[in-house]
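Good morning, and thank you for joining the meeting. I would like to take you briefly through one structure, which I will now put on the screen.

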Amino acid sequence: MSRDMGSRARLGLIKTSRGEVRTPAFLPVGTRGTVKAMAPWELEELGYEMVLSNLYHLYLRPGIETIKEAGGLHRFVGWDRPILTDSGGFQVFSLSRILEVEDEGVRFRSVYDGSEVFMTPEEALRAQEALGSDIAVVLDYCVGYPAPVEEAEKGVELTRRWALRSLAARSSSNEQAVFGVVQGGTYPELRRRSAEELAQMDFDGYGIGGLSVGEPRELMVECVKIQTSILPEDKPRHLLGVGDPLGVVMAVSLGVDLFDCVLPTRMARTGVALTRDGRLNLRNSRFARDHGPLEEDCPCPACRRFSRAYLRHLHKVGEMLAHRLLTWHNLQFMQRLMLDCREAIAAGRMNELIGRWKEWEERERSKRVDIAGERDG
């Protein structure tokens with residue numbers, strides 16, 4: 001493990017039976033078994049070494065048995081590199097109508113058909129074992145922002161109990177790595193308590209959950225700083241659901257290794273491209289006759305072959321090619337960001353990289369004022 005001497009940032013390598021994952025790394029989100037608008041081989045071309053899928057959605061549709069019959073998740077989705085499956089705790093508490101939360105588990109209604117589902121931590125782990133993912137994340141209790149301290153404390157306590165039960169239910173013959181999850185809302189003492197409790201358990205890695213749910217970045221950074229200072233140094237740390245550039249590089253500097261977020265793919269579907277010069281909202285009329293690429297030095301197909309004007313045209317008329325090309329570009333952007341982080345760590349320049357992205361964020365903030373009155377053309 002190599003470190004940046006001016007921060008907690010580190011270079012690492014996660015080894016699985018299906019390949020190695022260099023960290024820090026961003027994981028494209030294939031919620032339902034696919035990264036929206038992208039084929040698996042296209043993700044490989046971008047250099048991605050691991051993707052994330054979500055148990056909540058796969059459990060409900062098409063169902064664990066269907067995927068198991070197909071030979072497991074990798075064969076079902078056509079991806080032979082590592083997969084991390086999230087338990088879906090966040091989706092349970094954000095998408096579903098919660099009927100009851102108890103020590104045993106959580107009862108909720110499916111987002112698809114309204115049917116009643118009861119999920120226990122043991123079932124969440126067994127289902128991920130059946131999927132055959134390389135890394136499974138245990139069921140946790142996630143609270144929103146803002147949350148009363150009593151609710152956040154309940155989340156910490158249930159997460160602890162469910163983590164212990166998940167470890168007890170883990171199959172000794174399974175090579176699958178298992179990550180625990182730390183919670184605590186935006187309360188520093190609860191964040192500290194959760195990290196201390198989970199650090200005592202023999203997990204293969206740790207997810208940092210319950211952030212990027214609307215809290216100010218300063219609070220997010222404070223929570224991450226507390227928990228990475230406590231979690232084991234020799235285990236991977238995954239900041240769940242964070243994908244904004246400045247948030248990522250700041251978390252890398254605090255010792256986070258893995259990230260996932262729907263932001264780059266979701267923004268692509270709304271006509272927004274991420275570039276090192278800022279976000280480009282192609283719905284704006286000023287791009288209608290802009291015949292330059294999204295980003296001059298970007299190697300993705302959208303930038304190599306097409307103009308901003310053409311991509312804007314595709315998006316405005318609803319052509320699916322717009323979604324594909326913008327998604328490709330945004331995922332290329334995230335991959336380049338992670339490569340920049342690795343290079344900065346190796347050179348001992350993480351603080352310089354943070355400074356550049358703080359300037360980027362400040363430019364974006366000032367641009368929002370300038371274009372507030374701009375209309376689609």
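This is a predicted model: local features need pLDDT of at least 70, side-chain atom pairs count only at pLDDT 80 or more; totals for chains, interfaces and linings use all residues.

Let me begin with the cysteines. How many disulfides does the model contain? The count comes to zero. A disulfide is a covalent bond between the sulfur atoms of two cysteines. The criterion applied here is a pair of cysteine sulfur atoms within 2.5 Å. Consider Cys-261: the nearest cysteine sulfur belongs to Cys-142 and is 14 Å away, and Cys-261 takes part in no disulfide. Is Cys-261 buried or exposed? Its relative accessibility is 12%, so Cys-261 counts as buried.

Cys-303 presents another case. For Cys-303, the nearest cysteine sulfur is that of Cys-300, at 3.7 Å. Because a disulfide requires the two sulfur atoms to be within 2.5 Å, Cys-303 is in no disulfide either. Cys-303 has a relative accessibility of 9% and therefore counts as buried.

I turn now to the arginines. Where does Arg-283 lie? Arg-283 is placed in the loop that runs between strand 16, residues 278-281, and helix 12, residues 301-305. With a relative accessibility of 30%, Arg-283 counts as partly exposed. Its side chain makes a polar contact with the side chain of Asn-281, at 3.0 Å. Along the chain, Arg-283 and Val-272 are 11 residues apart, and their C-alpha atoms are separated by 7.9 Å.

Arg-312 belongs to helix 13, which spans residues 308-316. Here the relative accessible area is 8%, so Arg-312 is buried. What does the side chain of Arg-312 reach? That side chain reaches the backbone oxygen of Asn-284, at 3.0 Å.

Helix 10, residues 245-253, packs with helix 14, residues 320-347; the angle is about 30 degrees and the axes are 11 Å apart. Angles under 35 degrees count as roughly parallel, so helix 10 is roughly parallel to helix 14. The crossing of helix 10 past helix 14 is right-handed.

Which residues make the contact? On the side of helix 10 they are Pro-245, Val-248, Val-249 and Val-252. Helix 14 contributes Phe-333, Met-334, Leu-337, Met-338, Cys-341 and Ile-345.

Thank you for your attention.

Terms used: Residues are numbered from 1 along each chain as its sequence is written. Side-chain values use heavy atoms; hydrogens and water are left out. Buried means under 20% relative accessible area, exposed over 50%, partly exposed in between (1.4 Å probe, protein chains only). Helices (H or I, at least four residues) and strands (E, at least two) are DSSP runs, numbered from the N terminus. A polar contact is a pair of N or O atoms within 3.5 Å; within protein, one must be able to donate a hydrogen and the other to accept it, and residues adjacent in sequence count only if both atoms are side-chain atoms. Axes are lines fitted to C-alpha atoms, for helices over the stretch in contact, and angles run from 0 to 180 degrees between N-to-C directions. Angles under 35 degrees count as roughly parallel, over 145 as roughly antiparallel, 65 to 115 as roughly perpendicular and the rest as oblique. A crossing is left-handed if the near helix is turned anticlockwise from the far one by less than a right angle, and right-handed if clockwise. Contact means heavy atoms within 4.5 Å.
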